[in-house]
Amino acid sequence: MPGRKDLSFRSGYFGDPAASRALAGLLQDVFGIDVTIMDRLGGPDPTGIPFSWFDADGACIANISTFSLPLVVDGVSLRAAGLQSGAVRPGHRGMGLYRDVMEAALAHCDAEGFAAVALLTDTPALYGRYGFEPLVQHRFAGAASGGGTTGPVRRLDLGSAADIALLRRLLDGRQPVSDRFAPVRQTGMFLFNAALMPDVRLDLIGDDAVVAWRMAGDGAFDLLDVAGTRIPRLADILASVQAAAAQVVVHFPPDRLEWQGEALADTGEMVLMLRMAKTLRPEGPFALSPMAEF
């Protein structure tokens with residue numbers, strides 16, 4: 001990494017509390033997001049590696065972080081990485097600092113042999129130069145399925161250390177929620193997103209599946225994710241959580257739910273971009289669960 005006057009480049013420093021606090025400060029100042037929430041949810045993703053510029057006072061002024069993101073795409077397991085926490089302080093923009101950290105992070109991904117690199121962004125034009133291409137995500141909407149079997153249900157509480165430990169165990173050993181497109185493991189982001197989404201309910205069905213869901217403003221049942229050692233049928237989920245809804249919207253491919261819905265293209269601001277061979281990209285409609293967004 002070429003030197004820059006009064007600046008220092010660092011990576012892989014999560015063992016340094018002061019540098020980690022400086023990165024958290026950057027993300028708080030730029031995005032208004034407190035990533036230290038993860039401290040009470042079991043800690044940050046241990047696979048995460050930051051690539052950052054710091055100023056002479058120790059402030060983090062530019063960053064992008066990589067993390068392991070193993071995927072299942074059309075039934076094939078892929079060793080993939082994700083990029084997150086990309087930010088530059090306003091006073092240091094236009095200096096090429098973000099290009100520096102992006103190039104360092106992607107060089108690391110290439111050296112590690114990742115088959116794919118993914119990111120979410122509201123500025124997709126920025127990443128085409130680095131080999132990323134946008135992919136359209138979908139929601140799946142349709143009539144609620146009936147005739148399900150009711151199972152025991154318990155609402156989980158992120159304020160409970162025991163419930164957090166249970167969630168982490170199920171997330172670490174989870175089955176992919178879809179064979180079409182799904183992360184295999186993304187424990188930290190599921191918990192982080194759950195903490196940021198107060199309307200999301202986390203219901204344990206039996207002792208081996210957690211359902212993340214909410215009721216939409218139009219009265220539809222929004223199924224955001226299922227994490228566990230099994231994936232229940234949608235009919236069993238609806239019966240167990242006693243959701244009185246005629247319509248369902250599933251935010252991931254529903255191929256393992258024994259239910260089908262109409263694929264509706266996502267028109268939101270955030271765009272999923274992938275840097276991977278065209279032959280590895282999902283062939284049919286798909287989506288990344290909101291609980292797995294990064």
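User: Is the crossing of α3 and α4 left-handed or right-handed?

Analyst: This is a predicted model, where local features need pLDDT of at least 70, side-chain atom pairs count only at pLDDT 80 or more, and totals for chains, interfaces and linings use all residues. Residues are numbered from 1 along each chain as its sequence is written, and side-chain values use heavy atoms, with hydrogens and water left out. A crossing is left-handed if the near helix is turned anticlockwise from the far one by less than a right angle, and right-handed if clockwise. For α3 and α4 the crossing is right-handed.

User: Which residues of α3 and α4 make the contact?

Analyst: Contact means heavy atoms within 4.5 Å. On the α4 side the residues are T187, F190 and L191, and on the α3 side they are L167, R168, L171 and D172.

User: Is L166 buried or exposed?

Analyst: L166 lies in helix α3, which spans residues 161–172. Buried means under 20% relative accessible area, exposed over 50%, and partly exposed in between (1.4 Å probe, protein chains only). L166 has a relative accessible area of 14%, so L166 is buried.

User: Which residues does L166 touch, not counting residues up to four places away in sequence?

Analyst: L166 is a buried residue of helix α3. With those neighbours left out, L166 touches R154, L156 and L204.

User: What is the relative accessibility of D163?

Analyst: D163 also has its place in helix α3. Leaving aside neighbours within four places in sequence, D163 is in contact with R154, R155, L156 and D157. D163 counts as buried because its relative accessibility is 7%.

Definitions and conventions:
Helix = DSSP H or I, 4+ residues; strand = E, 2+ residues; numbered from the N terminus.
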